[in-house]
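Please find below a colleague's note on the structure under review. The points are numbered so that they may be taken up one by one.

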Amino acid sequence: MAVTLRQGELNRLVTVKHTLLNTQDTFGQVPDTETTVKQVWAAIRSLSGSEQTFGNQVNGLVTHEIETHYDSTFAFDSISVDRGSSRMVIVYGTRKFYVDSVHDVDDAHVKMLWQVMEIRN
């Protein structure tokens with residue numbers, strides 16, 4: 001079955017960021033350092049209680065799925081999703097999502113499905 005992507009559903013412009021954690025600055029502070037990787041059009045879908053799954057993170061719960069066009073920038077060999085000292089984050093307006101995983105659907109290089117956890121401050 002061919003993987004398809006409906007263009008009209010990608011109606012949210014999101015920013016994908018890469019965050020370095022626990023990096024000590026010259027003053028001895030330990031701020032998080034965020035770098036914008038890319039802005040992409042996406043569809044954001046909230047998962048119902050029965051669809052939510054436990055992520056790889058301790059106490060992590062996948063709350064949303066985000067769908068985007070395939071982009072090799074987000075391949076695991078180029079950017080870490082979460083390796084203890086860094087993390088990928090998706091920002092949409094005032095909302096922030098930690099990325100648990102990202103998949104090239106059917107390895108077809110058409111669309112990517114991101115499993116994310118919304119962070120509420």
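How many bridges join strand β7 to β8, and in which sense do the two strands run? The first point takes up this pairing.

1. Pairing of β7 and β8. Strand β7, residues 95-104, is joined to β8 by 8 bridges, and the two strands run antiparallel. Within this pairing, Y98 stands opposite M117 of β8. V99 belongs to strand β7 and is buried, because its relative accessibility is 0% and the cut-off for burial is under 20%.

2. The hairpin turn. Strands β7 and β8 form a hairpin with 6 residues between them. Two residues of this loop deserve attention for their backbone angles. D106, located in the loop between β7 and β8, has a phi near 55 degrees, a positive value in a residue other than glycine. H109 is found in the loop between β7 and β8 and has a positive phi of about 55 degrees, although H109 is not a glycine. As to solvent, D106 counts as exposed because its relative accessible area is 58%, where exposed means over 50%. H109, at 52% relative accessibility, is likewise classed as exposed.

3. The model is predicted, and its confidence should be read by region. The mean pLDDT of the chain is 79, and 69% of the residues score at least 70. Confidence is highest in strand β5 (residues 64-69), with a mean of 94, and lowest in strand β3 (residues 53-54), with a mean of 54. Over residues 55-59 the pLDDT stays under 50; for this stretch the model has 11 contacts beyond four places in sequence.

4. Overall architecture. The chain contains 8 strands and 0 helices. Of the strands, 6 close into a barrel in the order β1-β2-β5-β8-β7-β6, with antiparallel pairing. From one strand to the next, the twist averages 45 degrees. One of the pairings in the chain links strand β1 (residues 12-20) with strand β6 (residues 86-92), antiparallel over 6 bridges. There, R87 in β6 is the bridge partner of T19.

5. Is strand β8 mostly covered or mostly open? Strand β8 (residues 111-119) is mostly covered, with 7 of its 9 residues buried. Besides its bridges to β7, β8 pairs with β5 in the antiparallel sense over 6 bridges. In this pairing, I66 stands opposite W114 of β8.

6. The surroundings of E65. Which side chains make polar contacts with the side chain of E65? One is the side chain of R45, at 2.8 Å; another is the side chain of Q115, at 3.0 Å. E65 has its place in strand β5, and E65 is buried because its relative accessible area of 17% falls under the 20% cut-off. Leaving out residues up to four places away in sequence, E65 touches A43, I44, R45, L47, L113, W114 and Q115.

7. The surroundings of W41. W41 is found in strand β2 (residues 33-46). With a relative accessible area of 47%, W41 is partly exposed. The C-alpha atoms of W41 and H69 are separated by 7.7 Å, while the two residues are 28 apart along the chain. Neighbours within four places in sequence aside, W41 is in contact with L10, N11, R12, L13, E67, T68 and H69.

8. Totals for the chain. Of the 121 residues in the chain, 40% are buried. Among contacts with a separation of 6 or more, 57% are between residues 24 or more positions apart. The accessible surface of the chain comes to about 7,500 Å², and carbon and sulfur atoms account for 49% of that surface.

Methods
Residues are numbered from 1 along each chain as its sequence is written. This is a predicted model: local features need pLDDT of at least 70, side-chain atom pairs count only at pLDDT 80 or more; totals for chains, interfaces and linings use all residues. Side-chain values use heavy atoms; hydrogens and water are left out. pLDDT is the predictor's confidence in each residue, from 0 to 100. Helices (H or I, at least four residues) and strands (E, at least two) are DSSP runs, numbered from the N terminus. Contact means heavy atoms within 4.5 Å. Two strands pair if DSSP finds at least two bridges between them. Axes are lines fitted to C-alpha atoms, for helices over the stretch in contact, and angles run from 0 to 180 degrees between N-to-C directions. Buried means under 20% relative accessible area, exposed over 50%, partly exposed in between (1.4 Å probe, protein chains only). A polar contact is a pair of N or O atoms within 3.5 Å; within protein, one must be able to donate a hydrogen and the other to accept it, and residues adjacent in sequence count only if both atoms are side-chain atoms. Accessible areas come from the Shrake-Rupley method with a 1.4 Å probe; for residues, only the protein chains shown count as cover.
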